[in-house]
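Work through the exercises below with the structure open beside you, trying each task before reading its solution.

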Amino acid sequence: MILVTGGAGFIGANFVLDWLAQSDEPVLNLDKLTYAGNPENLASLQGDSRYLFVQGDIGDAPLVERLLAQHQPRAVINFAAESHVDRSIHGPEDFIQTNVVGTMRLLQSVRAYWQALTDAQRIEFRFLHVSTDEVYGSLSPTDPAFTEGNKLEPNSPYSASKAASDHLVRAWLHTYGLPVLTTNCSNNYGPLHFPEKLIPLIIVNALAGKPLPVYGDGLQVRDWLYVKDHCSAIRRVLAAGRVGEIYNVGGWNEKPNIEIVKTICTLLDELRPKSDGSSYQTQITYVQDRPGHDRRYAIDASKIERELGWKPAETFATGIRKTVQWYLDNQDWVTHVQSGAYRDWVQTNYAGRG
Ligand code: NAD
Ligand code: TYD
């Protein structure tokens, strides 16, 4: 079996669902269920004997050690993290606790388990760490896209904590020999995305008739990767990646934020036209920029294509249409995640921006 951490979040849940749709190898999901963790994401697996959920913290060493001893996974895939840049600006502490201290404790627990395996099992074992392109810092408009050789130059508390975790993973290979793999991927989007991030926030606000907040001039560039493509990349790296290597994963879809917002408006105009005939674009509102806002991220994903034969299946046009349609079809899911705590966050992040 495999142990997935953070499997109740956006990417982790998509990964668990995809994994069990394609394989009968069981999954143990260890998730703390922070505000971002939602067991409803995996409700379709209820009663499925291949799936086991445990609520807990990756930094809880006695728990993790017990789970490893009991279930004997052949691989650990670490998705668990605090993941939202804006939250890291308002409160970095949780990011250091989970992304740095938690990752270090998880590595220690996994190392102790791995060292006690048989020689054959030790050779087969993998620890796959899921990270982000944000660790590489910000690009100018003419810089080449990030390769795996770029220096880590993180600029936000979130990306600094992820860069620290990447360094720890590297150190556990070089110091202890733990067979690790790291993926650094670009901005994901797709079903089950918590509506604090740009794409789901814009869809949800548009449908609710609320302002569509665009930070600064809206010309910041991100590379967008459909989440199911990210899941297939992780499966591929787990199966065939070279131990100790880093693989950048991207969608070859660099776009300025304002273009993303306008594309969503155009799709909604087609799929759910407003009763007064106006476009959702009339709701676009420019607001105060994010402090330290990285201008551009771009991923060069040629290594994973060259070495492992992985390429994204979706273009942005196909992926964003599927995503908008998913939110239209799953408005109950949206209502459930917009709890009291979600409303508090919206107040914290947007009230002072004008
Ligand atoms: P998410 O915030 O949606 O989910 C994170 C999950 O981790 C939640 O279920 C949460 O409950 C769980 N968690 C948090 N702290 C934990 C802890 N201490 N112990 C156990 N579980 C804990 O995040 P996501 O968007 O699914 O991202 C998953 C991973 O991918 C993260 O490591 C993130 O840094 C990375 N990543 C995300 C993106 C993106 O666009 N979303 C891009 C690149 C990399
Ligand atoms: P986000 O989804 O938070 O991802 P990240 O900061 O990790 O890239 O934001 C994506 C881009 O959208 C980023 O440049 C910030 C911008 N953004 C807005 O313009 N308005 C918003 O309300 C949010 C949440 C983000």
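A crossing of two helices is called right-handed if the near helix is turned clockwise from the far one by less than a right angle, and left-handed if it is turned anticlockwise. The model used in these exercises is predicted.

**Exercise 1.** Describe how helix α7 packs against α9, and state in which hand α7 passes α9.

*Solution.* Begin with the geometry: helix α7, which covers residues 198–207, packs with α9 at an angle of about 40 degrees, and their axes are 10 Å apart. That angle makes α7 oblique to α9, since angles under 35 degrees count as roughly parallel and those from 65 to 115 as roughly perpendicular. Applying the definition of handedness, one finds that α7 passes α9 in a right-handed crossing. Next, look at the residues that meet: α7 contributes Leu198, Ile199, Ile202, Ile203, Ala206 and Leu207, while α9 contributes Asn257, Ile260, Val261, Ile264 and Leu268. Sorted by class, the residues of this contact are 10 nonpolar and one polar, with no charged residue.

**Exercise 2.** Find the angle at which the axes of α9 and α11 cross, and list the residues through which the two helices meet.

*Solution.* The axes of α9 (residues 257–271) and α11 (residues 316–329) come within 10 Å of each other and cross at roughly 55 degrees. The two helices are therefore oblique to each other, and α9 passes α11 in a right-handed crossing. On the α9 side the contact consists of Ile260, Thr263, Ile264, Leu267, Leu268, Glu270 and Leu271, which meet Phe316, Ile320, Arg321, Val324, Gln325 and Leu328 of α11. By class, this contact has nine nonpolar, two polar and two charged residues.

**Exercise 3.** Which residues come nearest to ligand 2, and which polar contacts can be traced there?

*Solution.* Of the 18 residues around ligand 2, the nearest are Glu134, Arg222, Arg290, His293 and Tyr350. A side-chain N or O atom of Glu134 is 2.5 Å from an oxygen atom of the ligand, and a polar backbone atom of Pro213 is 2.9 Å from a nitrogen atom of ligand 2. Asn257, a residue of α9 that takes part in the contact with α7, also places a polar side-chain atom 2.9 Å from an oxygen atom of ligand 2.

**Exercise 4.** Identify the closest residues around ligand 1, then follow its polar contacts.

*Solution.* Ligand 1 is surrounded by 28 residues, of which Ile11, Asp31, Ser83, Tyr158 and Lys162 are the closest. Tyr158 has a polar side-chain atom 2.7 Å from an oxygen atom of ligand 1. Backbone atoms also take part: a backbone N or O atom of Asn188 lies 2.8 Å from an oxygen atom of the ligand, and a polar backbone atom of Leu33 is 3.4 Å from an oxygen atom of ligand 1.

Notes: Residues numbered from 1 in each chain as written. Chains lettered and ligands numbered in written order. Predicted model: local features only at pLDDT ≥ 70, side-chain atom pairs only at ≥ 80, totals over all residues. Heavy atoms only, no water. Axes fitted to C-alpha atoms, helices over the stretch in contact; angles between N-to-C directions. Helix = DSSP H or I, 4+ residues; strand = E, 2+ residues; numbered from the N terminus. Parallel < 35°, antiparallel > 145°, perpendicular 65-115°, else oblique. Contact = heavy atoms within 4.5 Å. Nonpolar A, V, L, I, M, F, W, Y, C, P; charged D, E, K, R; others polar. Near = heavy atom within 4 Å. Polar contact = N/O pair within 3.5 Å; in protein donor to acceptor, adjacent residues only side chain to side chain.
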